[in-house]
Amino acid sequence: MDENPPLVVVVDFGAQYAQLIARRVREANVYSEIVPYQITAAELAERAPAGIILSGGPKSVNVEGAPLVDHAIFDLGVPILGICYGAQLCAHQLGGEVDRSGRGEYGRTDIAVQSADGLLMGMSDGQDVWMSHFDAIVAPPAGATVIASSPEAPVAAFEDPVRAVYGVQFHPEVAHTPNGQRVIENFLYKACGLPPSWTMPNVIERSVEQIRTQVGDRRAICGLSGGVDSAVAAALVHKAIGPQLTCVFVDTGLMRLDEGEQVVETFQRNQGIELVHMRVADRFFAGLKGVIDPEAKRKVIGELFIRVFEEAASGLEDAEFLVQGTLYPDVIESGTPDAAKIKSHHNVGGLPEDMEFSLVEPLRALFKDEVRTVGSELGLPDEIVWRQPFPGPGLGVRIIGEVTPEKVATLQLADAIVRDEIAKADLEREIWQGFAVLPDIRSVGVMGDERTYGHPIIIRAVTSDDAMTADWARLPHDLLERMSSRIINEVTGVNRVAYDITSKPPGTIEWE
Ligand code: XMP
């Protein structure tokens, strides 16, 4: 298999759509990466892309300081597709004209297709597309032909097959453009001549080869949390190096119901991965005794985690590599270079300063949904692959006030009911997270003829794309009712259930 798959770069002009474009290209089974618009033609040429897509952006090409691309990019001989601002930029930099005279178009728009041979192949006249522009291209780049127009965009699409420059004023990457994916595929398969060969089985095969080359006959360790990213990273590395990988599972006692057992079952018994299972709940409860402040709790949990991980790792002195489940969005956001050595960070609280490992990050190029596909291909069960995000400090930050084993047991049962009912209602993939919180208050109730004075449980369920913002999930009332009645009947000491209807912001998803 080749070293690297053919690459299509998405040049990012600060649009919210750049990631979406990259994902659409990948859905067409072509590998894509995002690069900042400041990239020079020489830097781009080094990466030998097979195609270049210029994204949309918030600026006007006619204002002072508008972001441009290095003009030499147009002379690389690599096919270029401009989308929205990207298309305007092609016109602006290649002898066409962009004007601000019109009214702009926002939302669903009908375009007249004048030529359906090239970029718009297979498209009938009168296409629904999604527009979002104020400026309009009034003359395409010199030598290009207008292939579609709309009432406010005389040049809604253009192409120059000789120079291999293409542009669309509309957004083919959004779902509101029904044939948008077709436009992207026409560019990739026809203009760039690429095969749809970037598939998850190929990704796995290539990744396995790369890990083998990197690690050789040495040893690697991986901290497992039960979360999808570390799980898939571990399974992939195990496929590559087998018994040279040891996983460390720090069982804090703050996991969800039966989660510890499930991690052991999945990785040790089913996948045959060597697992060091650190059963250290007692140490965590001792450390958390009397601790109420949320930040103090996080600190106690984080530090203990590090200490335990260190103990486990010291028994594996010859391990030189640390496997981490870093994903592509983390790489884009942090702008991290391809790091080799690290001194940080686990999702719980950071690894010890003095532990030096080389990193193995087999998921660095993948989006979350692609990681899930890889996980399924590697035989991980749905419960792991579709597991909802879970904070490093675990139930410790979902118990308000002091954390005790009794409170954890109560919360685990209530939380399992919430998740079970969400799964039965088939809403698991629609909501981002759904869980229970145990606050540090009690209230009066009546059960049978008896007065009760028990704990409430708060149900928290949110929808979100990335956890940066979130909305409370509009769960059906009958589902909430089932959760409430089961929690009160099945969980001793709970006499009231409330539903949290706070979005983020102003709330956070977790309570602490
Ligand atoms: P908040 O509560 O800040 O959470 O809205 C955003 C997302 O991050 C998760 N979360 C954590 N994940 N370590 C993690 O790995 C943590 O310490 C942590 N705290 C919150 C939270 O579950 C949500 O998905």
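The questions and answers below go through a predicted model, from its domains to its ligand.

Student: How are residues numbered, and which residues count in this predicted model?

Tutor: Residues are numbered from 1 along each chain as its sequence is written, and side-chain values use heavy atoms, with hydrogens and water left out. In this predicted model local features need pLDDT of at least 70, side-chain atom pairs count only at pLDDT 80 or more, and totals for chains, interfaces and linings use all residues.

Student: Into which domains is the protein chain divided, and what distance separates the centres of domain 1 and domain 2?

Tutor: Domain bounds come from an automatic or database domain assignment. That assignment gives domain 1 (7–191), domain 2 (200–385) and domain 3 (398–499). Contact means heavy atoms within 4.5 Å, and seven residues of domain 1 are in contact with eight residues of domain 2. Taken over C-alpha atoms, the centres of domain 1 and domain 2 are separated by 40 Å.

Student: Which residues touch the most other members of the largest nonpolar core?

Tutor: A nonpolar core is a set of buried Ala, Val, Leu, Ile, Met, Phe, Trp, Tyr and Cys residues joined through side-chain atoms within 4.5 Å. Buried means under 20% relative accessible area, exposed over 50%, and partly exposed in between, with a 1.4 Å probe and protein chains only. The largest core has 71 residues, and those touching the most other members are Ile52, Leu54 and Leu245.

Student: Which helix gives the largest share of this core?

Tutor: Helices (H or I, at least four residues) and strands (E, at least two) are DSSP runs, numbered from the N terminus. The core draws at least three residues from each of domain 1 and domain 2. Its largest share is ten residues, and they come from helix 6 (residues 228–241).

Student: What is the reach of helix 4 from its first C-alpha to its last?

Tutor: The expected span of a helix is 1.5 Å times one less than its number of residues. Helix 4 (residues 180–191) has twelve residues, and its reach is close to the expected value, 16 Å.

Student: Which residues of helix 4 are buried?

Tutor: The buried residues pack against strand 1 (7–12), helix 1 (18–27), strand 3 (51–54), strand 4 (80–83) and strand 11 (165–168). Just after the helix, Gly193 takes a positive phi of about 65°. The buried residues of helix 4 are Gly180, Val183, Ile184, Asn186, Phe187 and Leu188.

Student: Is Ser32 buried or exposed?

Tutor: Ser32 lies in strand 2 (residues 31–36). Leaving aside neighbours within four places in sequence, Ser32 is in contact with Leu7, Val8, Ala22, Val25 and Arg26. A polar atom of the Ser32 side chain lies 2.8 Å from the backbone oxygen of Ala22. Because its relative accessible area is 0%, Ser32 is buried.

Student: Where is Cys84, and is Cys84 buried or exposed?

Tutor: Most residues other than glycine have a negative phi, and most peptide bonds are trans. Phi of Cys84 is positive, near 55°. Cys84 is in the loop between strand 4 and helix 3 (85–93). Because its relative accessibility is 6%, Cys84 counts as buried.

Student: Is Asp426 buried or exposed?

Tutor: Asp426 lies in the loop between helix 13 (405–424) and strand 18 (433–437). Phi of Asp426 is near 60°, a positive value in a residue other than glycine. Because its relative accessible area is 65%, Asp426 is exposed.

Student: What distance separates a polar side-chain atom of Glu510 from an oxygen atom of the ligand?

Tutor: Of the 13 residues around the ligand, those that come nearest are Arg298, Gln433, Lys504, Ile509 and Glu510. An N or O atom in the side chain of Lys504 is 2.7 Å from an oxygen atom of the ligand, and a backbone N or O atom of Ile509 lies 2.8 Å from a ligand oxygen atom. For the polar side-chain atom of Glu510, the distance to an oxygen atom of the ligand is 2.5 Å.

Technical notes
Near = heavy atom within 4 Å. Polar contact = N/O pair within 3.5 Å; in protein donor to acceptor, adjacent residues only side chain to side chain.
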